[in-house]
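Biologist: Could you take me through the surroundings of the ligand, slowly and with the cut-offs spelled out? I would like to see how that part sits in the rest of the chain.

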Amino acid sequence: MKGLESVSRETLAKLQVYADTLIKWNPKINLVAKSTIDDLWDRHIIDSLQIMRHIPEGPQHIVDIGSGGGFPGLVLAIASSEARPEALITMIESDQRKSAFLRTVLRETGVSATVLTERIEKAPAQSADVLTARALADLSLLLEFAEQHLKKEGTAFFLKGKNWRTELQKAQEVWQFDYEEVTSETNVEAVLLVIKGIERV
Ligand SMILES: C[S@@+](CC[C@H](N)C(=O)[O-])C[C@H]1O[C@@H](n2cnc3c(N)ncnc32)[C@H](O)[C@@H]1O
């Protein structure tokens with residue numbers, strides 16, 4: 001399948017365990033919209049996986065905020081377990097049942113990562129090298145979360161839908177930062193925003 005070419009057989013097997021568990025839990029706790037479950041691999045897993053090739057080399061503390069059913073945080077944790085075993089992954093998700101789901105998949109795949117069942121605003125500052133988020137908040141609020149949890153020299157990766165330009169303009173009224181937009185591999189209208197050097201104007 002396109003987007004999975006560089007994934008090892010072991011990682012693929014763990015992603016399959018994740019997908020199977022999600023399909024089992026989804027009717028009870030709505031981890032992804034029911035209408036998207038038939039397109040789980042492309043719409044959610046491969047969409048999350050595309051971040052992997054943009055993460056800088058070396059040991060990294062990767063923090064995913066508002067992880068929900070694990071996109072992109074849990075996909076990155078599974079892919080990193082072999083591709084970059086030195087990376088530390090933290091997911092922050094306030095919902096107890098979604099956190100329990102994330103911990104269940106980690107246990108069943110034997111992948112290590114930390115799940116903090118907390119509000120992002122209340123969680124201790126993470127000093128992350130890499131901050132990720134998808135479908136959580138508009139860019140201005142994401143940058144506030146980055147101010148709290150991302151190291152000054154760190155990089156944020158935000159998966160954004162088709163309104164990203166409007167969000168970007170609004171955010172630039174309050175924040176200055178360098179950014180690069182990478183067209184999404186799974187949706188031509190969406191982008192992966194890669195943001196560095198975040199400071200208030
Ligand atoms: C729309 S879902 C997106 C989940 C996932 N990132 C994805 O793309 O499928 C947003 C998630 O963020 C969590 N969330 C929203 N605000 C939060 C906050 N302030 N602190 C922690 N989690 C939050 C919600 O519980 C929910 O699971």
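Modeller: Happy to, and let me start with the classes of residue: Ala, Val, Leu, Ile, Met, Phe, Trp, Tyr, Cys and Pro count as nonpolar, Asp, Glu, Lys and Arg as charged, and the others, Gly among them, as polar. On that basis, the shell around the ligand holds 6 nonpolar, 5 polar and 6 charged residues. Please keep in mind that this is a predicted model, in which local features need pLDDT of at least 70, side-chain atom pairs count only at pLDDT 80 or more, and totals for chains, interfaces and linings use all residues. Residues are numbered from 1 along each chain as its sequence is written.

The ligand is surrounded by 17 residues, the closest being Gly66, Gly68, Ser94, Ile120 and Arg134; a residue is near a molecule if its C-beta atom, placed from the backbone, lies within 6 Å of it. The UniProt record, an unreviewed entry, places the feature "binding site" at Gly66, Phe71, Ile120, Glu121 and Arg134. Its positions are given in the numbering used here, with feature names shortened, and such annotations may be inferred rather than shown by experiment.

Let us look at two of those annotated positions. Gly66 is in the loop between strand S1 (61–65) and H3, and Phe71 lies in the loop between S1 and H3 as well. Helices (H or I, at least four residues) and strands (E, at least two) are DSSP runs, numbered from the N terminus. Gly66 is buried because 22 other C-beta atoms lie within 10 Å, and Phe71 counts as buried because it has 25 C-beta neighbours inside 10 Å. The rule here is that a residue is buried if 20 or more other C-beta atoms lie within 10 Å of its own, exposed if 12 or fewer, and partly exposed in between, with C-beta atoms placed from the backbone.

Leaving aside neighbours within four places in sequence, Gly66 is in contact with Glu93, Ile120, Ala133 and Leu136. With the neighbours within four places left out again, Phe71 is in contact with His44, Ser48 and Arg134.

Now for the nonpolar core, a set of buried Ala, Val, Leu, Ile, Met, Phe, Trp, Tyr and Cys residues joined through C-beta atoms within 7 Å. The largest one has 54 residues, of which Leu74, Val75, Ile78, Leu131, Ala146 and Phe158 touch the most other members. Helix H3 (residues 73–83) gives the most to this core, with 6 residues. In soluble globular proteins, nonpolar side chains tend to be buried together. Beyond four places in sequence, Leu131 is in contact with Val63, Ile65, Ala146, His149, Leu150, Gly154 and Ala156.

Stepping back, the protein chain has 6 helices and 7 strands, in the order α-α-β-α-β-α-β-β-α-β-α-β-β from the N terminus on. Buried residues make up 41% of its 201 residues. Among contacts with a separation of 6 or more, 70% join residues 24 or more positions apart.

For contrast, here is a residue in helix H6 (residues 164–171), Arg165. Arg165 is exposed because 11 other C-beta atoms lie within 10 Å. Its C-alpha is 10.0 Å from that of Leu139, 26 residues apart in sequence.

Notes. Two residues are in contact if their C-beta atoms, placed from the backbone, lie within 7 Å.
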